[in-house]
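Have a look at it first, then work through the points below.

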Amino acid sequence: LQQAVAVSPDYAAARWHLGQVKIGDVWMSPEDVSTAALNNPALSQYIEMRHSYAKVAKWIWFPTQGNKPLCHLRKTFDLPSKPVRAELQIGTRADYELFLNGKRIGGGKPGDNLAKFQVATTLRQGPNTIAIQVKPPGLEGVLVWLEGNQKDNSIFTVPSDASWKGSSLEQKKWQSPEFDDDGWKTVQEYIPPTDSSATVSS
């Protein structure tokens with residue numbers, strides 16, 4: 001984690017895992033955060049809640065068959081209210097299309113940096129779904145990190161991990177929260193070669 005921060009100073013996932021938090025354009029150490037929390041209810045709540053969702057995004061993949069299969073990944077999660085800020089970062093090792101609540105957010109090609117998307121306006125109160133279609137040809141592995149703030153300044157995160165679901169089939173409305181994914185299987189956490197790990201773009 002320290003090496004990741006040294007290589008990419010704005011590597012939010014690694015800094016968050018080390019206990020740091022970004023205030024404005026400045027990353028604060030755990031000691032600075034604790035001191036600031038004495039006069040900041042939002043930071044105080046952050047410290048109290050942090051261990052309950054202390055997760056770091058994992059590379060994930062859904063095992064597919066054939067030489068050039070499509071991979072479909074999705075994650076549904078609930079929000080208590082519409083957020084005021086939310087940023088979704090994604091890294092892949094193949095071409096991809098990204099959807100949120102059935103709406104196409106963007107797409108891209110594999111690279112060394114995670115692509116960033118501002119998604120607060122697309123998120124909503126209640127169930128939300130991140131959906132990703134990975135296109136052949138390419139290599140296995142998808143990394144996702146969603147982080148945002150509610151109106152009360154509480155922080156929420158949605159990392160890619162083994163709780164996501166996947167399928168090799170493209171089904172009608174599979175990108176929407178209303179889609180029934182009971183027939184989909186859980187994904188596998190995946191460790192890509194270290195020389196191809198993504199880092200957060202500046």
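Let's start with Leu-146: setting aside its neighbours within four places in sequence, this residue is in contact with Phe-77, Ala-86, Glu-87, Leu-88, Val-119, Ile-130, Phe-156, Thr-157 and Val-158. Keep in mind that this is a predicted model. The protein chain has four helices and 13 strands, and buried residues make up 48% of its 202 residues.

- As background, nonpolar side chains in soluble globular proteins tend to be buried together.

**The aromatic cluster**

- Searching the whole structure turns up three aromatic pairs.
- One of them is Trp-174 with Trp-184, a stacked pair with 6.1 Å centre to centre and 25 degrees between the planes.
- Both of these Trp residues sit in the loop between β10 (165-167) and β11 (185-186), ten residues apart.
- Is Trp-174 buried or exposed? Trp-174 has a relative accessible area of 1%, so it is buried, given that the cut-off for buried is under 20%.
- Trp-184 also counts as buried, at 8% relative accessibility.
- Trp-184 has another ring partner in Phe-179: the centres are 5.6 Å apart and the planes sit at 70 degrees, so this pair is edge-to-face.
- Put together, ring pairs join Phe-99, Trp-174, Phe-179 and Trp-184 into a cluster.

**Around Ser-176 and Asn-101**

- Ser-176 is another residue of the loop between β10 and β11, and with a relative accessible area of 11% it is buried.
- What does Ser-176 touch, leaving aside its neighbours within four places in sequence? Its contacts are Arg-74, Asn-101, Gly-102 and Thr-129.
- Asn-101 is found in the loop between β5 and β6 (103-108), where it is buried, with a relative accessible area of 14%.
- The backbone of Asn-101 deserves a look too: its phi is positive, at about 55 degrees, although the residue is not a glycine.
- For context, most residues other than glycine have a negative phi.

- Lys-173 is not a glycine either, yet it has a positive phi of about 60 degrees.
- You'll find Lys-173 in the loop between β10 and β11.
- Buried or exposed, then, for Lys-173? It is exposed, because its relative accessible area is 59% and the cut-off for exposed is over 50%.

- Arg-93 lies in strand β5 (residues 85-100) and counts as buried, at 12% relative accessibility.
- The side chain of Arg-93 reaches the backbone oxygen of Glu-140 at 3.0 Å.
- Pro-63 is in the loop between β3 (60-61) and β4 (71-79), and it is partly exposed, with a relative accessible area of 40%.
- Pro-63 and Ser-168 are 105 residues apart in sequence, but their C-alpha atoms are 8.2 Å apart in space.

**The chain as a whole**

- Of the contacts in the protein chain with a separation of 6 or more, 70% are between residues 24 or more positions apart.
- The accessible surface of the protein chain is about 10700 Å², and 50% of that belongs to carbon and sulfur atoms.

- The protein chain has a mean pLDDT of 79, with 71% of its residues reaching 70 or more.
- Where is confidence highest and lowest? It is highest in β4, at a mean of 96, and lowest in strand β13 (residues 199-200), at 35.
- Residues 51-55 have pLDDT below 50, and this stretch has nine contacts in the model beyond near neighbours in sequence.
- Residues 195-202 also have pLDDT below 50, with 25 contacts in the model beyond near neighbours in sequence.
- Where pLDDT is low, the predicted coordinates should not be read in detail.

Terms used
Residues are numbered from 1 along each chain as its sequence is written. This is a predicted model: local features need pLDDT of at least 70, side-chain atom pairs count only at pLDDT 80 or more; totals for chains, interfaces and linings use all residues. Side-chain values use heavy atoms; hydrogens and water are left out. Helices (H or I, at least four residues) and strands (E, at least two) are DSSP runs, numbered from the N terminus. Buried means under 20% relative accessible area, exposed over 50%, partly exposed in between (1.4 Å probe, protein chains only). A polar contact is a pair of N or O atoms within 3.5 Å; within protein, one must be able to donate a hydrogen and the other to accept it, and residues adjacent in sequence count only if both atoms are side-chain atoms. Rings of Phe, Tyr and Trp (its six-membered ring) pair if their centres lie within 6.5 Å; planes under 30 degrees apart count as stacked, over 60 as edge-to-face and the rest as tilted. Contact means heavy atoms within 4.5 Å. pLDDT is the predictor's confidence in each residue, from 0 to 100. Accessible areas come from the Shrake-Rupley method with a 1.4 Å probe; for residues, only the protein chains shown count as cover.
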